Amino acid sequence: MGVITVNDRSVSLLDNYDIEVLRTWKGRGAILCETDKGILVLKEYAGHKEKVLFQDALLTLVKENGFDHVESILKNKEQELITQDQEGNSYILKTYFDGRECNVRDMEECRLAVHTLAKLHKASQVTEDFLGGILRHPAHLEFEKHNKELRKVRKFIKGRSQKTDFEICLMKSYDYFFNLALQITEELRFYQKEEELYFVCHGDYQHHNIILTDAQMKLINFEKCVPDSPVRDLYLFMRKLLEKSNWDETIGFDIINSYHLERQMEKEEYRQLYYRLAYPEKFWKIVNFYYNSGKAWIPGKNLEKLVKVIDQEKEKQCFLEKFKYRYGV
């Protein structure tokens, strides 16, 4: 099998594949392998077998539809996508792109990233038969789940006799953000329409899953792919940029325009994008992290994040008002 340079039991799993391994080394949460079929990535897989089959079907489909800027999952000698070690841990072997992550501080790269995303969505439009009964994930249902969690955490904090600085700061703004979450959810439920077209989204469209190589963007880590509106991916990429830029309208509208130039968005999609941006998801994420971690001690970084969300709220609402006016939602 060639020279092995990583002393790791999982390396032996490569014997299950029809490849010649020349050398291996550790990467971020994975093992990289130089083989006769190029560089590959051996990565632990925590999902269900059905999900990796769906993921593989999506990757195959988008390539057939002319979008080949995505990774591939290799089958083992038994023609299975998942290989298990002696302890029952599951692994998948994928192709590798030699490049670097998208630089979110470079607007030219961000434009290219959403242009690439639009191309992916054009290639990931599927039929209902392709989904095979897999349900879509409309945003208002996600928001309702978040709202239940927000209600539970508020009750929990109110019942604490001794509150930390983080909890005191959190409660000062809790009613505002919680009521906003309820309002946005109700409005979206009212406007939500049954979509006639079916798409599968990447599900985690962030800079570390976008690799720049040879002036092209390559997309990796489709483990969270899910049937939903294309807006899901665009929103996730946009929100992080807007938070970093204090909700700069120039950046926000530039990103939307770059996407629209490749794939025209319908008015309903602009409305969905508005409500996704309007929902206080960052506040929910901070609350969710707090509740699911050790509550006796909260890192100072989380208090900083909370203060930033509160401080940016005025700029965010200003951006949303301009969004409504510009796109007529």
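**Figure 1. Asp 36 is partly exposed, with a relative accessible area of 47%.** On this scale, buried means under 20% relative accessible area, exposed means over 50%, and partly exposed falls in between (1.4 Å probe, protein chains only). The model is predicted: local features need pLDDT of at least 70, side-chain atom pairs count only at pLDDT 80 or more, and totals for chains, interfaces and linings use all residues. Residues are numbered from 1 along each chain as its sequence is written, and side-chain values use heavy atoms, with hydrogens and water left out. Asp 36 sits in the loop between β2 (30-35) and β3 (38-44). Helices (H or I, at least four residues) and strands (E, at least two) are DSSP runs, numbered from the N terminus. Leaving aside neighbours within four places in sequence, Asp 36 is in contact with Ile 19 and Glu 20. Contact means heavy atoms within 4.5 Å. Ala 113 is 77 residues from Asp 36 along the chain, and their C-alpha atoms are separated by 31 Å.

**Figure 2. Ser 124 lies in the loop between α2 (107-123) and β8 (125-126).** Is Ser 124 buried or exposed? Ser 124 counts as buried, because its relative accessibility is 0%. Not counting residues up to four places away in sequence, Ser 124 touches Leu 58, Val 62, Tyr 198, Phe 199 and Val 200.

**Figure 3. β8, β9 and β12 form an open sheet of three strands.** The order is β8-β9-β12, and the pairing is antiparallel. Two strands pair if DSSP finds at least two bridges between them. β8 and β12 (226-227) stand at the edges with a single partner strand each, so one side of each is left without a neighbour in the sheet. Two bridges join β8 to strand β9 (residues 198-201) in the antiparallel sense. Here Val 126 stands opposite Tyr 198 in β9.

**Figure 4. An open sheet of three strands has the order β7-β10-β11.** Its pairing is antiparallel. Which strands stand at the edges? They are β7 (100-101) and β11 (216-219); each has a single partner strand, so one side of each is left without a neighbour in the sheet. β7 and strand β10 (residues 210-213) run antiparallel and are joined by two bridges. Glu 101 stands opposite Ile 211 in β10. Helix α2 lies across β7, β10 and β11, running at about 55 degrees to β11. Axes are lines fitted to C-alpha atoms, for helices over the stretch in contact, and angles run from 0 to 180 degrees between N-to-C directions.

**Figure 5. The largest nonpolar core has 80 residues.** A nonpolar core is a set of buried Ala, Val, Leu, Ile, Met, Phe, Trp, Tyr and Cys residues joined through side-chain atoms within 4.5 Å. Leu 273, Leu 277 and Phe 323 have the most contacts inside this core. Helix α5 (residues 165-191) gives the largest share, eleven residues. Another core lies apart from this one; it has 13 residues, among them Leu 13, Leu 14, Tyr 17 and Leu 74. Beyond its neighbours within four places in sequence, Leu 277 is in contact with several residues, including Tyr 235, Met 238, Trp 247, Phe 319 and Phe 323.

**Figure 6. Tyr 176 and Phe 177 form an edge-to-face aromatic pair.** Their centres are 5.0 Å apart, with 80 degrees between the planes. Rings of Phe, Tyr and Trp (its six-membered ring) pair if their centres lie within 6.5 Å; planes under 30 degrees apart count as stacked, over 60 as edge-to-face and the rest as tilted. By this rule the count comes to 18 aromatic pairs. Tyr 176 counts as partly exposed at 43% relative accessibility, whereas Phe 177 is buried at 2%.

**Figure 7. Phe 253 and Phe 319 form a stacked pair.** Their ring centres are 5.3 Å apart and their planes stand at 25 degrees, so the pair counts as stacked. The pair links distant parts of the chain: Phe 253 is in helix α7 (residues 249-262) and Phe 319 in helix α10 (residues 300-327), 66 residues apart. Both Phe 253 and Phe 319 are buried. They belong to one aromatic cluster, whose members include Phe 190, Trp 247, Tyr 270 and Phe 323. The charged end of Arg 326 sits over the ring of Phe 253, 4.4 Å from its centre. A charge sits over a ring if NZ of Lys or CZ of Arg is within 6 Å of the ring centre and within 35 degrees of the ring normal.
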